[in-house]
Amino acid sequence: MSMTLSQILALVGELGDSLGDETPRERFRRFLKDNAKDVGQLRDYIQECLSKSGTQYNRALQDLANCIGRFLEFEVVFGRYQGVQGQLGFDGHWNSPKDFHIVAEIKTTDVYAIKTATLIGYVDGLISEKKISSWANALGLYIVGRPDAELKQLENAVIAEKRTDQLRVISIESLLSLAELKSKYDLSHQEILEILRPSGPKIDPVVDLIAGLVAEPQDPAPPGPKHQPVATVNEATPPPASEPPPDGNAAFWLTPVKSWEEETAEECIEKLVGQGHYYAFGQRTAGRKHMKAGDRIGFYATTKGVVAHATILSAPQKKPRPDGSTSEDYPWVCSLKDARLYLNEPVAVDANLRMQLDAFKERDPEQGWAWFVQATRKVSPHDFKLLTRR
């Protein structure tokens, strides 16, 4: 059975900047190097990190984010947890075999204001020490664990200071997804650099990468029930509402909800599912056309776990929301009933749970599992019960 992050940290001890091969810091980093052989394991540890608070977990997150750099084929130099006078305080220095450098600043949250001058100073310092040749071969990268409203201020600061060629921002969730894409689609390190570094004048490399990924075989859409017609010529015409069918005809769905600058995933779920008794989907949401009244749906808060479930009262329709508002990005609205929220007690999709799920019977639950929670998907009744504690 896999060890949890809390168990590992309890064994290695309190993480700090003390020097020595047998310090807690070095034991933890050595454990990750020797045992975290798949991005899926890092995702488990990071999910646990973000669900807890405290200095120990903040420092563990810094090391885990640096480990993602290794999966992207960078040579990683781990930084200090806490800055001291006279030493560069970067969180990580990722050295590419293509003679490109990423200097990482890793933040659990953006609750505190971030000064771009600090990261700029780290890169300038590494250039002065001849560890980086010039800014032409370097990038400062902010890696954010829990994006919140302050993230927009950081983006605005980068733009206002005209640092878009020197600084970039990425959530740790997106960085994990990039590492899993590299593994699944065998992306080259050069292709990873094309994504991370500021785009040059030629767009072809990024377009070629997207075209290659789209060409890969995709999972087929789940079949709709035989008695239900699928789609119409005019998709904007709302289908008539219907009463829920018997449980035997119900399908079971899991849909991901991400945190944004304006609100967290939990806040979104509480507002829409808990208070509004509805949910809204995008035009290209997988499986949307096959959802029907009576189906059950679970809501996965990204990096946290399943935090709510409900019964679909009406199939998704292109119509205004209950408050009269509309959204170009999420125009398909379905009514819900019997919503249950457990925002503070999420069902984490960890390795132990994955071992019990039907969806992983033909897969290694220890390997990359973002595919399971990155898009809306149909799940078995057995899996739905486990995911929602029913």
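How many aromatic pairs does the count come to? The count comes to seven aromatic pairs, in what is a predicted model. One of them is F360 with W371, a tilted pair with 5.0 Å centre to centre and 45° between the planes. That pair ties together distant parts of the chain. F360 sits in the loop between α11 (351-354) and α12 (370-373), while W371 belongs to helix α12, eleven residues apart from its partner.

**Helix packing near the start of the numbering**

Two packed helices are described by the angle between their axes and the distance between the axes. Here are those values for each pair.

| Helix pair | Axes come within | Crossing angle |
|---|---|---|
| α1 (residues 5-12) and α2 (residues 24-35) | 9 Å | roughly 140° |
| α1 and α4 (residues 55-71) | 12 Å | roughly 100° |
| α2 and α4 | 11 Å | roughly 35° |

Start with α1 and α2. Their axes cross at roughly 140°, and the two helices are therefore oblique to each other. The crossing of α1 past α2 is right-handed. On the α1 side, L5, I8, L9 and V12 make the contact, and they meet P24, R27, F28 and F31 of α2. Sorted by class, that contact has seven nonpolar residues, no polar ones and one charged.

Next, α1 against α4. With a crossing of roughly 100°, these two are therefore roughly perpendicular to each other. L5, S6 and L9 of α1 touch Q56, Y57 and A60 of α4. The class count here is four nonpolar, two polar and no charged residues.

From α2 come F28, R29, L32 and K33, and from α4 come A60, D63, L64, C67 and R70.

Now for the strands. Strands of a sheet pair through backbone hydrogen bonds, either parallel or antiparallel. In this model, five strands form an open sheet with mixed pairing, in the order β1-β2-β3-β4-β5. Which strands stand at the edges? They are β1 (75-78) and β5 (167-171); each has a single partner strand, so one side of each is left without a neighbour in the sheet. Neighbouring strands are turned by 25° against each other on average, direction ignored.

At the β1 end, β1 and β2 run antiparallel and are joined by four bridges. Within that pairing, V77 stands opposite H93 in β2. The next step along the order is also antiparallel: four bridges join β2 (residues 92-95) to β3 (residues 101-109). N95 has H101 in β3 as its bridge partner. These two strands, β2 and β3, form a hairpin with five residues between them. In the turn, D99 has a positive phi of about 60°.

Finally, a helix lies across the sheet strands. Helix α7 (residues 172-185) lies across β2, β4 (138-146) and β5, and runs at about 85° to β5.

Conventions. Residues numbered from 1 in each chain as written. Predicted model: local features only at pLDDT ≥ 70, side-chain atom pairs only at ≥ 80, totals over all residues. Heavy atoms only, no water. Axes fitted to C-alpha atoms, helices over the stretch in contact; angles between N-to-C directions. Parallel < 35°, antiparallel > 145°, perpendicular 65-115°, else oblique. Left-handed = near helix turned anticlockwise from the far one by under 90°. Contact = heavy atoms within 4.5 Å. Nonpolar A, V, L, I, M, F, W, Y, C, P; charged D, E, K, R; others polar. Pairing = 2+ DSSP bridges. Phe/Tyr/Trp six-rings, centres within 6.5 Å; stacked < 30°, edge-to-face > 60°.
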